[in-house]
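Hi,

Here is the structure I promised to pass on. Have a look at it first, and then read my notes below.

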Amino acid sequence: MHYRTIFISDVHLGTRDCKADLLNNFLKHNTCETLYLVGDIIDAWKIQQNKWKWKQSHTNVVRRVLGHAKRGTKVIYVTGNHDEFLRPMIPYGFSFGMIEIVNQHKHIGVDGKNYLITHGDLFDGISKLAPWLAFLGDKAYDFTLELNSKFNWLRHKLGFGYWSLSKYLKYKVKTSVDFLFQFEKNLTSYCKRKGYDGVICGHIHTAEIKEIDGVIYMNDGDWVESCTALVEHIDGRWEIITWSEILVEIPNQNLLR
């Protein structure tokens with residue numbers, strides 16, 4: 001498919017649980033005029049923890065993105081909390097090849113509406129008010145991913161399909177976090193004050209399209225579990241693509257584990 005715009009985030013290259021093979025496959029079979037990398041593409045937190053796991057598939061993703069840029073796709077990298085090491089370089093006009101790096105960006109849709117593009121961590125009460133709690137959350141998430149891997153190995157042996165324990169647990173946590181810190185409301189309220197019609201973000205690994213108090217809220221999900229992308233069609237339609245359910249030309253089904 002060819003789209004006007006593709007939005008992906010929370011790839012977490014450099015971690016064991018990154019679904020780089022699926023993302024590489026998605027980028028192979030889909031093109032666009034503009035590609036937004038909406039934060040947490042590289043996981044620098046793992047470097048600090050000495051848990052850096054860089055695979056060939058991760059390099060393939062980087063090459064694929066650069067290939068799109070070389071062929072004329074405009075690539076814009078919006079920084080997130082896991083790749084915040086890039087943020088101090090932004091005022092100096094730092095770029096990576098043909099990839100523009102920004103803190104946030106304004107996207108004008110085919111529908112004529114103005115959308116704020118931001119990773120979302122700057123509006124997250126946990127990250128903003130209690131960084132140590134965010135760190136504990138990252139540790140807990142790693143633990144649930146490990147547990148999820150073992151759990152699904154057992155399900156596979158028993159003949160059952162894949163079920164994401166960590167995604168289920170994170171959804172339960174997300175409900176509490178939204179209640180306490182109102183992540184989505186913070187984002188949409190800010191957009192309303194600034195005159196934006198909508199916001200496109202990542203950060204909480206939950207793909208969604210909805211309207212909140214007259215502001216369009218869209219989240220492109222992640223490439224650790226859901227393997228989702230937000231796309232803007234040429235005719236202006238918005239859609240969430242779940243690539244793990246499409247699996248174009250991937251012979252090894254175990255990539256979903």
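**Surface and overall make-up**

The chain exposes about 12900 Å², and 58% of that comes from carbon and sulfur atoms. Bear in mind that this is a predicted model. Of the 257 residues in the chain, 51% count as buried. The secondary structure comprises seven helices and 12 strands. If you look at contacts with a separation of 6 or more, 69% of them are between residues 24 or more positions apart.

**Around strand β2**

Which strands does β2 pair with? One is β1 (residues 2-8), in the parallel sense and over six bridges; there, T5 has T34 of β2 as its bridge partner. Another is β3 (residues 74-78), again parallel, with five bridges. On that side, Y36 is bridged to I76 in β3.

Helix α1 (residues 20-29) belongs to this picture too: together with β1 and β2 it makes a β-α-β unit, and the unit is right-handed.

**Aromatic pairs**

Searching the whole structure turns up six aromatic pairs. Two of them are worth a look in your viewer.

Start with F7 and Y36: their ring centres are 4.9 Å apart and the planes are at 0°, so this pair is stacked. Since F7 sits in β1 and Y36 in β2, the pair ties together parts that are 29 residues apart in sequence. Both F7 and Y36 are buried.

Then there is F26 with W243. Here the ring centres are 5.2 Å apart and the planes are at 80°, so the pair is edge-to-face. F26 lies in helix α1 and W243 in the segment after β12 (238-242), so this pair ties together parts 217 residues apart in sequence. How buried are the two? F26 has 0% relative accessibility and W243 has 4%. With the cut-off for buried at under 20%, F26 counts as buried, and W243 does as well.

One more thing about the rings: F7 and Y36 are also part of a cluster, linked by ring pairs, that includes Y115 and W238.

That's what I have so far.

Cheers

Notes. Residues numbered from 1 in each chain as written. Predicted model: local features only at pLDDT ≥ 70, side-chain atom pairs only at ≥ 80, totals over all residues. Heavy atoms only, no water. Helix = DSSP H or I, 4+ residues; strand = E, 2+ residues; numbered from the N terminus. Buried < 20%, exposed > 50% of the residue type's maximum accessible area, 1.4 Å probe, protein only. Contact = heavy atoms within 4.5 Å. Areas by Shrake-Rupley, 256 points an atom, 1.4 Å probe, with all protein chains shown as cover. Pairing = 2+ DSSP bridges. Right-handed = clockwise from strand over helix to strand, strands pointing away. Phe/Tyr/Trp six-rings, centres within 6.5 Å; stacked < 30°, edge-to-face > 60°.
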